[in-house]
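This report goes through one structure part by part. Keep the sequence and the 3D view at hand while reading.

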Amino acid sequence: MPHARVERRHLLSAAALGRTAQPPQPAEDDDGPALDALSGRILDTTPHLLVIEDDEGQEERLVIAPWATAWRGGPVPPDRLPLGSRVIVRTRSGRVADCVWADMTRMTGTILDVRGRRDLTVEIDSGPHRGRRSVVIPYQATGRLLVRHPKLEPGYLFDAIGTIQDGTALAQVPATSQPPYRANATPAPPPAFGGAQSRISGTAVWSDLDDDGAAYPMLESSDTGCDQGVVPCARLPYLSLGSMLFVRNVCGRRSTAVPIVACGCMAGRFCDRCVDCDTSPRGRIVELSPLSYVRLGGDLTKGCFNAQVGLR
Amino acid sequence: MLVTAAVAALPILTLLLIMGGVAKLFTAGDDGGGQDTLSRLGPAVLVPERFRKAAMLACAVGEFALVAGQLAADLVVARLLTVAFFAISTYVLWDLRRRRPDVGCGCFGEVSSTPVGLRSVARTAVLTGMAVAVAAADVGVADLVAGVSWTAAAWAAGYLALLLALSPEVEEIMSRLRHRAPCEERPVPPGRALARLKASAAWRTHAAVLESGEPDDSWRELCWRFFVFPGQGGADVVFAVHMSGRRPTVRVAVVGQDGNPIEPLAESIPVSATR
């Protein structure tokens, strides 16, 4: 599917239905200061200044807030992050960095194989669009991962957060409690009582999306090649690539509209809840790119927030 | 009386065996997509995962074989095997209820996904009794034709009422009919919307400005399916077809390369339309 054609869909559908086609808005804040996020590679760090080269190749100089935290497999002081690390920085009030995540990756998929005795190597299938990848669980992290993934065996789901170091994906913290069912036995959504809802509640997660936007589980297979054998656990309406999705972080009280850029085939298989501030209804309703997730007030090490989605 | 009871039971047993076999075939055949229905249906859950589909198919084929043996070949052994089939089914459901209280009986495939209860077990016990009556009276097709009477019809009506009362599938079907998914969540093939678009007034109005009859792009958003056709002068003609009803609402806009609509919105709905 050509990219330009997908980007034009929102404009064309708005014209046909007589809606206004507005570009994506920055995250609206119900309260608190405005959040922004940027990603890039570290060029230099000092205790007070972080210099990064952003994805457009521009140099950005960010003031490190005194309360700023950083994470790279565990909490580290921001000025100890290695040069060249790929970072996602949450900024407040313009150029003040208050949280930095370095070399982050999320490993979500169906377990294909588990090898090793001390450090475990897990082969996962991340869905038809992202393919297979190999994940290493370092010995120090096996305890906390296994306690949340009691069925570390082929056919079950795996979801962990970690870092990419020297080209190896290291799973360091569990992103969720492993669903008890096999990956191909996703529970059916509840029956349709009372028609469609304009806002759907559930769990928003983040994933390593290439484009800034969201992956949505309920797309047509003719549009995306999504495996339609899997009906998401939450009842969701059909949307398409290019649709603008309104996403609200219920806990962080922030909302924005993001374009749908990918199919959330793997998200649809998870029937878990998020307990960020309250217990969310079951089911992953949207998978956000790291930047969109951070702009909505999400913490990349937590892996989810309670969310509502709808169509603008 | 036994013969009358058996004559009434035979067509019902045959019908149920055929319905059960067909439903199981569909459920087993529909399992390729990824949502593993068989992992929630008995008795497939009692066998290892790789044999589940085969177990479901074997069960369906067995039911067809029993029907063929009773009706076509008129074999006594087929009638005895039918008794054995329902007796074993009763035990298996009883065991399933104890071992896997979360799974459905799978008697009629995916429709029987309600967890096995006493009603399902009682229904199989009633069917066993009916099969015993057929086997004891040794009733075949010829006896069935000869034995048609009002008494036999009353027996058959009684059997049907009892079986319907013991069938959780009836409630499941009613619930599915009552809570039909709204159009936003229903899969609809794109070809249907395209056919309805080409039968609409909006299509006839704009057909002259289209450079091709094949859409450049098509996508779905909630209850609307959109088709974009190349128009004259590099413009895009976008049609939005609502996905409910046989004569759905169709909206159209002509959009230039700069993204601005070239003409006012036109709707296909004639003034006399009720919608």
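Is B:P261 buried, partly exposed or exposed, and how many other C-beta atoms lie within 10 Å?

## A proline in chain B

The model is predicted. B:P261 has 18 other C-beta atoms within 10 Å, so this proline is partly exposed; a count of 20 or more would have made the residue buried. B:P261 sits in the loop between β4 (250-255) and β5 (266-267) of chain B.

Leaving out neighbours within four places in sequence, the contacts of B:P261 are A:A15, B:A253, B:V254 and B:V255. B:P261 and B:V237 are 24 residues apart along the chain, and their C-alpha atoms are separated by 9.6 Å.

## Domains of the two chains

Chain A has three assigned domains: domain 1 (31-102), domain 2 (105-174) and domain 3 (197-311). Chain B is divided into domain 1 (2-180) and domain 2 (185-267). In chain B, the C-alpha centres of domain 1 and domain 2 lie 49 Å apart.

In chain A, 22 Å separate the C-alpha centres of domain 2 and domain 3. Contacts between these two domains of chain A involve 11 residues of domain 2 and 13 residues of domain 3. On the side of domain 2 of chain A that touches domain 3, β8 (104-115) and β11 (157-165) each supply at least two residues. The largest share, four residues, comes from β8(A). Sorted by class, this side of domain 2 of chain A has four nonpolar, six polar and one charged residues.

In soluble globular proteins, nonpolar side chains tend to be buried together. Here the largest nonpolar core has 79 residues, and the members that touch the most others are A:V100, A:A214, A:L245 and A:V286. Strand β16 (residues 254-263) of chain A gives the most to this core, with six residues. A second, separate core has 26 residues, including A:A15, B:F226, B:V238 and B:V250.

Which residues does A:V100 touch, not counting those up to four places away in sequence? They are A:L50, A:A68, A:A70, A:P78, A:L81, A:V87 and A:V89.

## Strand β7 of chain A

Strand β7 (residues 96-102) of chain A is mostly covered, with six of its seven residues buried. Strands of a sheet pair through backbone hydrogen bonds, either parallel or antiparallel. Strand β4 (residues 59-71) of chain A pairs with β7(A) in the parallel sense over five bridges, and A:V63 stands opposite A:V96 in β7(A).

Strand β6 (residues 86-92) of chain A runs antiparallel to β7(A), and six bridges join the two. Here A:R90 has A:C99 in β7(A) as its bridge partner. β6(A) and β7(A) form a hairpin with three residues between them, and A:S93 in the turn has a positive phi of about 50 degrees.

## The barrel and strand β12 of chain A

Five strands of chain A close into a barrel in the order β8-β9-β10-β12-β11, with mixed pairing. From one strand to the next, the twist averages 55 degrees.

Strand β12 (residues 168-174) of chain A is mostly covered, as five of its seven residues are buried. Strand β10 (residues 132-137) of chain A pairs with β12(A) in the parallel sense over two bridges, and A:V136 stands opposite A:L170 in β12(A). β11(A) and β12(A) run antiparallel and are joined by six bridges. In this pairing, A:L170 is the bridge partner of A:T163, and A:V173 is the bridge partner of A:I161. The hairpin of β11(A) and β12(A) has two residues between the strands, and A:D166 there takes a positive phi near 55 degrees. Helix α2 (residues 139-148) of chain A lies across β9 (120-125), β10, β11 and β12 of chain A, running at about 60 degrees to β12(A).

## A buried arginine in chain A

Why does A:R284 count as buried? A:R284 counts as buried because there are 32 C-beta neighbours inside 10 Å, and 20 or more are needed. This arginine lies in strand β17 (residues 284-288) of chain A.

Leaving aside neighbours within four places in sequence, A:R284 is in contact with A:G202, A:T203, A:V205, A:P217, A:A267 and A:F270. A:R284 and A:R273 are 11 residues apart in sequence and 7.8 Å apart in space, C-alpha to C-alpha.

How values were computed. Residues are numbered from 1 along each chain as its sequence is written. Chains are lettered from A and ligands numbered from 1 in the order in which they are written. This is a predicted model: local features need pLDDT of at least 70, side-chain atom pairs count only at pLDDT 80 or more; totals for chains, interfaces and linings use all residues. A nonpolar core is a set of buried Ala, Val, Leu, Ile, Met, Phe, Trp, Tyr and Cys residues joined through C-beta atoms within 7 Å. A residue is buried if 20 or more other C-beta atoms lie within 10 Å of its own, exposed if 12 or fewer, and partly exposed in between; C-beta atoms are placed from the backbone. Two residues are in contact if their C-beta atoms, placed from the backbone, lie within 7 Å. Domain bounds come from an automatic or database domain assignment. Ala, Val, Leu, Ile, Met, Phe, Trp, Tyr, Cys and Pro count as nonpolar, Asp, Glu, Lys and Arg as charged, and the others, Gly among them, as polar. Two strands pair if DSSP finds at least two bridges between them. Axes are lines fitted to C-alpha atoms, for helices over the stretch in contact, and angles run from 0 to 180 degrees between N-to-C directions.
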